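Please read the following note alongside the model. It takes the form of numbered points.

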Amino acid sequence: MSVFPKISLRLEVANYLKEGFMNEEIVSTLGKQVAERKFETLLNHLSHPPSFTTVRVNTHLASVQHVKNMLSDELQKQLNGLSVPILQHPDLQDVLLIPVIGPRKNIKQQQCEAIVGAQCGNAVLRGAHVYVPGIVSASKFMKAGDVVSVYSDIKGKCKKGAKEFDGTKVFLGNGISESSRKEIFSGLPDLKYVIKCLREISMLFVVQGKLKTM
């Protein structure tokens, strides 16, 4: 069974894709059942993240090897010495590939929860911390310093400011809250992050921070 939820598309997008896979020529050649299976396979692939994070190097500013070394050093620092291979694309000489880490299935989920929007959830999987505008709900007892489990509201059904949410949500990982629930929902959004995501992310795609090449 897949660890990823079935992709949810807007009706017009789903219909557009289905028309391409279920047109008369394909149905007459393959048959309706085969065409439908191919369409379901497409939806399954779209719900899975890529196997690699891709980095394209501006070779006018730095060599591929130099950027590869910078990435390796940064990954070593951020992942506490965990070795992650950085591969060169076999055909595109200015492209580097970083394999995805995950999915991790043995992360302990915490009693204290924070629900974030789908876009914020995508950013967390890419290595970002959580900022106030991305938070939809937080446990009523959440305070600064708590270890918090972060979930993504993939269907957008959670109401802003809710104290709990039992709808469809996907566990992303754990972090440490920098603010209490009251501070998060009582005023204007703060520009600083409020949940510092730990390395306990269910699937980590890329390093945090930025690399600047001079």
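Predicted model: local features only at pLDDT ≥ 70, side-chain atom pairs only at ≥ 80, totals over all residues.

1. Residues are numbered from 1 along each chain as its sequence is written, and side-chain values use heavy atoms, without hydrogens or water.

2. The structure contains 0 disulfides (pairs of cysteine sulfur atoms within 2.5 Å). C112 counts as buried because its relative accessibility is 5% (buried means under 20% relative accessible area, with a 1.4 Å probe and protein chains only). C158 is buried as well, at 10%.

3. The largest nonpolar core has 16 residues (a core is a set of buried Ala, Val, Leu, Ile, Met, Phe, Trp, Tyr and Cys residues joined through side-chain atoms within 4.5 Å). V116, V130, I135, M142, L172 and I184 touch the most other members. Two or more residues each come from β4 (113-117), α5 (118-125), β6 (135-138) and β7 (147-153) (DSSP runs, H or I of at least four residues for helices and E of at least two for strands, numbered from the N terminus). Helix α5 gives the largest share, 3 residues. A second, separate core of 12 residues includes V57, A62, L71 and I101.

4. Three strands form an open sheet in the order β1-β3-β2, with antiparallel pairing (strands pair if DSSP finds at least two bridges between them). The edge strands, β1 (52-56) and β2 (87-88), each pair on one side only. Strand β2 pairs with β3 (residues 95-99) over 2 bridges, and Q88 stands opposite L96 in β3.

Notes. Buried < 20%, exposed > 50% of the residue type's maximum accessible area, 1.4 Å probe, protein only.
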